[in-house]
Amino acid sequence: MAKTLGTLRHYIDGGWVPSRSEEVRPVYDPGSGEVMAVVPFATREETDAAVEAASRTFDRWSRLPITERVRYLFRMKEALERHFEELATINTLNHGKTLEESRGDLKRAIENVDAAIAAAYALSKGEALQEISPGIDEYSYREPLGVFAVITPFNFPIMIPFWFIPYAVVLGNTVVLKPSEITPAPMNRVMEIFHEEVRLPQGVVNLVHGGREVAEELVRHRETAGVAFVGSTNAAKNIYRLAGEHGKRCIAQGGAKNFIVVMPDADQKVAVPASIGSFFGNCGQRCLAGSNLVVVESDQGREFVRSFVRAASSLRIGHGLSPSTEMGPMVTEAARQRVRSYVEKGIDEGARLVLDGREISVEEFPNGFYFGPTVFVDVSPEMTIAKEEIFGPVASVISASNLDEAIEMINSKTNYGNMACIFTQSGRHAREFARRVNVGNVGINIGVAAPAAYFPFAGRRESFFGVLHGQIDSVDFFTDKKVVISRW
Ligand code: NAD
């Protein structure tokens with residue numbers, strides 16, 4: 001189904017550079033299982049060249065008046081809007097998610113450009129105070145810091161780079177992006193479009209391909225000021241440690257294990273479709289995907305589980321580009337096998353499998369990496385499937401006797417703290433839940449509590465390492481305060 005893009009190139013210092021690397025990997029269209037491109041893993045010299053280009057351009061770029069830098073962001077926004085359908089299509093081809101899901105990713109990317117434009121004027125100013133002593137005034141500036149590495153995961157190939165790049169750039173920094181080696185094609189295309197239509201000064205945004213080694217090299221490089229990272233918890237910990245060792249600023253957003261709590265008074269017309277979207281949207285490959293479905297014991301709870309399983313079993317699985325598809329494939333064969341091994345573990349540990357997605361196939365695409373919606377019931381919070389991130393379309397239904405027990409599970413049974421949601425019609429229960437759960441993003445009658453661009457993308461415990469978060473919070477991350485005390 002996918003047209004092959006050949007071997008991808010790096011984008012360094014305003015030009016496309018073929019890699020000399022001997023290490024290359026195939027990039028798949030997971031819906032068909034066909035290779036759609038080849039990604040090179042940058043050599044040390046190529047990574048250096050990207051950082052050095054960004055570093056050389058920093059002084060000039062940061063001196064440009066903010067009104068001028070903002071104009072480039074307007075052009076970015078226009079270019080993303082002009083190529084909206086084309087970018088949604090390549091996002092779907094490389095990741096597998098439905099076109100509608102890709103459109104959602106792009107809308108959030110564009111929203112981040114909007115928020116960065118607003119932030120550039122409203123949030124980038126300093127403060128001033130007259131006469132802190134007789135004849136002495138004190139004021140502060142927010143200054144950009146230099147070159148930032150942006151290292152991103154496979155599951156939102158365009159949106160996540162845009163949690164950082166527009167803010168970094170509009171505030172006067174320069175960037176080296178290293179997208180996921182699994183889904184590098186969408187950002188590659190974005191940079192081609194920006195090269196033609198945004199025409200940023202050369203070196204302001206660079207892109208190098210690769211994996212862990214390139215990521216580590218970017219953090220260690222003496223010319224980088226910091227790193228904004230999103231990925232699994234192990235990788236986030238590695239980046240955070242390395243950034244600390246090398247004295248770099250760091251945002252490191254990690255993995256997740258999210259709980260959805262359904263109270264007996266939940267409005268099932270809202271709770272069932274929202275939960276289906278949460279567990280099976282993006283084929284469960286979201287850091288905000290539901291994973292543990294905690295149902296507070298009641299007749300209504302049992303009815304909810306029946307409706308949930310019924311709705312899950314009727315989801316239409318297929319290629320993300322087919323208009324009728326409601327759930328696309330897993331991103332790679334390896335990801336599919338990992339989910340399969342978790343399902344086997346769940347069975348071994350005694351959970352009851354009531355919907356089994358292991359043998360699903362899509363007639364038209366026999367080589368696609370499909371895995372159907374899967375539901376376990378009678379799951380105990382001690383089981384592996386309830387504790388570890390599965391990152392696939394698997395729901396584990398756990399019973400709780402009341403809200404306190406559900407909150408206790410969320411706060412103590414996993415190490416993650418990305419998101420928790422509750423479905424209820426009780427304002428008191430909703431408030432209690434939001435106040436007591438130890439997670440960054442909370443949903444009340446919402447299945448995927450994804451903060452809008454003008455809020456921070458929060459996260460706690462092993463889902464996040466650092467102080468400042470992605471999206472609007474990164475204004476503080478990408479600037480430093482300089483204080484001037486003056487007497488004339
Ligand atoms: P991943 O950790 O395998 O890769 C993420 C990025 O880090 C890639 O660019 C990769 O090349 C690089 N990388 C891989 N291993 C590394 C290592 N040991 N050290 C340094 N860099 C490394 O993650 P993925 O499989 O691409 O993405 C899925 C994961 O990302 C899930 O755990 C998901 O929960 C998480 N995620 C988190 C958020 C969030 O906001 N918290 C958002 C999206 C995804």
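How far from an oxygen atom of the ligand does a polar side-chain atom of serine 232 lie? The distance is 2.5 Å. This value comes from a predicted model, in which local features need pLDDT of at least 70 and side-chain atom pairs count only at pLDDT 80 or more, while totals for chains, interfaces and linings use all residues. Residues are numbered from 1 along each chain as its sequence is written, and side-chain values use heavy atoms, with hydrogens and water left out.

Polar contacts here are pairs of N or O atoms within 3.5 Å; within protein, one must be able to donate a hydrogen and the other to accept it, and residues adjacent in sequence count only if both atoms are side-chain atoms. Glycine 231 contributes a polar backbone atom, 3.2 Å from a ligand oxygen. In total, 30 residues surround the ligand, and Glu181, Ser232, Gln253, Gly254 and Glu389 are the closest; a residue is counted if one of its heavy atoms lies within 4 Å.

A cavity is a set of points, on a 1 Å grid over the protein atoms alone, where a 1.4 Å probe fits but cannot get out; lining residues have an atom within 4 Å of a point. Grid points are joined across faces, edges and corners, and the volume is the space filled by probe spheres set on the points. The structure holds 2 cavities of 30 Å³ or more. The largest has a volume of about 100 Å³ and is lined by 13 residues, with Gly284, Ala289, Ser291, Glu389 and Phe391 nearest its centre. The second largest cavity contains about 30 Å³ of space. Its lining has 8 nonpolar residues and no polar or charged ones, where Ala, Val, Leu, Ile, Met, Phe, Trp, Tyr, Cys and Pro count as nonpolar, Asp, Glu, Lys and Arg as charged, and the others, Gly among them, as polar. Helix α6 (residues 185-197) gives the most to this lining, with 3 residues.

Helices (H or I, at least four residues) and strands (E, at least two) are DSSP runs, numbered from the N terminus; two strands pair if DSSP finds at least two bridges between them. An open sheet of 3 strands runs in the order β5-β6-β24 with antiparallel pairing. Its edge strands are β5 (128-133) and β24 (479-487), each pairing on one side only. Strand β6 (residues 136-144) meets β24 over 9 antiparallel bridges, and glutamate 143 has aspartate 480 in β24 as its bridge partner.

Note on methods:
1 Å grid on protein atoms, 1.4 Å probe; cavity = no way out; pocket = protein on both sides within 12 Å on 5 of 7 lines; lining within 4 Å.
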